[in-house]
Amino acid sequence: MTGRLTGKIALISGASGDIGSATARLFADEGCKLALGDVRDAEGEQLADELGRKRAAFAHLDVRSSADWAGRWHLARVSSVPHGAHQQCRRHDGCGRGTGD
């Protein structure tokens with residue numbers, strides 16, 4: 001890849017799903033550090049392991065919870081995904097699809 005995201009940090013919600021995990025892999029291939037969030041913890045932890053813990057951190061994220069969001073922004077700033085300011089936010093969490101919330 002070209003490394004065009006080197007030095008950037010992305011927060012990806014819905015990271016355990018097909019689109020979210022594909023986005024995470026693509027961003028990682030381009031050099032991006034990742035803060036991954038989802039309600040499916042086992043799959044998210046597995047993805048972070050696959051991408052490498054120096055490049056990716058996972059935390060539980062229920063996108064319907066403002067407290068969870070506040071915690072994930074903190075994760076993106078100060079977690080084991082260091083170096084630089086948050087640059088991207090990608091939502092792949094299914095919100096707004098008539099969930100009834």
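**Entry 1: the fold.** Which unit do E1, H1 and E2 make? I found that they make a right-handed β-α-β unit. My labels follow DSSP runs numbered from the N terminus, with helices (H or I) of at least four residues and strands (E) of at least two. I call a crossover right-handed if, with the strands pointing away from the viewer, the path from the first strand over the helix to the second runs clockwise. I then followed the chain from E2 through H2 to E3, and this β-α-β crossover is right-handed.

**Entry 2: ground rules.** I am reading a predicted model, in which local features need pLDDT of at least 70 and side-chain atom pairs count only at pLDDT 80 or more, while totals for chains, interfaces and linings use all residues. Residues are numbered from 1 along each chain as its sequence is written, and side-chain values use heavy atoms, with hydrogens and water left out.

**Entry 3: confidence.** I checked pLDDT, the predictor's confidence in each residue from 0 to 100. The protein chain has a mean of 79, and 69% of its residues reach 70 or more. Confidence is highest in helix H2 (residues 41–51), at a mean of 96, and lowest in strand E4 (residues 86–91), at 53. Over residues 80–86 the pLDDT is below 50, though beyond near neighbours in sequence this stretch has 21 contacts in the model. I count a contact when heavy atoms lie within 4.5 Å. Residues 97–101 also stay under 50, and there the model has two contacts beyond four places in sequence.

**Entry 4: the strands.** I looked at pairing next, which requires DSSP to find at least two bridges between two strands. Strand E1 (residues 9–13) pairs with E2 in the parallel sense over five bridges, with isoleucine 9 opposite lysine 33 in E2. E2 also pairs with E3, again parallel and over five bridges, and here glycine 37 stands opposite alanine 59 in E3.

How enclosed is E1 by the rest of the structure? Five of its five residues are buried, so E1 is largely enclosed. My cut-offs are under 20% relative accessible area for buried, over 50% for exposed and partly exposed in between, with a 1.4 Å probe and protein chains only. Ile9, Leu11 and Ser13 point one way from E1, while Ala10 and Ile12 point the other way, and all are buried. E2 is mostly covered too, with five of its six residues buried.

**Entry 5: helix H2.** Which residues of H2 are buried? I listed Gly44, Leu47, Ala48 and Leu51. Seen down the axis of H2, these fall within an arc of 100 degrees, so they line one face of the helix. The arc is taken from the directions from the helix axis to the C-beta atoms. I jotted down the helix rule beside this: an α-helix has 3.6 residues a turn, so residues three or four places apart point the same way. The buried residues of H2 pack against helix H1 (18–29), strand E2 (33–38) and strand E3 (56–60). On the other side of H2, Ala42 and Gln46 are exposed. Just after H2, glycine 52 takes a positive phi of about 100 degrees.

**Entry 6: valine 39.** I stopped at the loop between E2 and H2, where valine 39 is found. Valine 39 is partly exposed, at 45% relative accessibility. Leaving out residues up to four places away in sequence, valine 39 touches His60, Leu61 and Asp62. Its C-alpha atom is 8.5 Å from that of valine 63, 24 residues apart along the chain.

**Entry 7: salt bridges.** How many salt bridges does the structure hold? I have six written down, each being a side-chain nitrogen of Lys or Arg within 4 Å of a carboxyl oxygen of Asp or Glu.

- Arginine 40 bridges to aspartate 38, with the closest N and O atoms 3.6 Å apart; arginine 40 is partly exposed at 38%, whereas aspartate 38 is buried at 6%.
- Arginine 64 bridges to aspartate 62 at 3.1 Å; arginine 64 is exposed at 57%, whereas aspartate 62 is buried at 18%.
- Aspartate 49 meets arginine 53 at 2.8 Å, N to O, and arginine 53 is partly exposed at 35%.

I also noted that Glu45, Asp49 and Arg53 are linked in a network of salt bridges.
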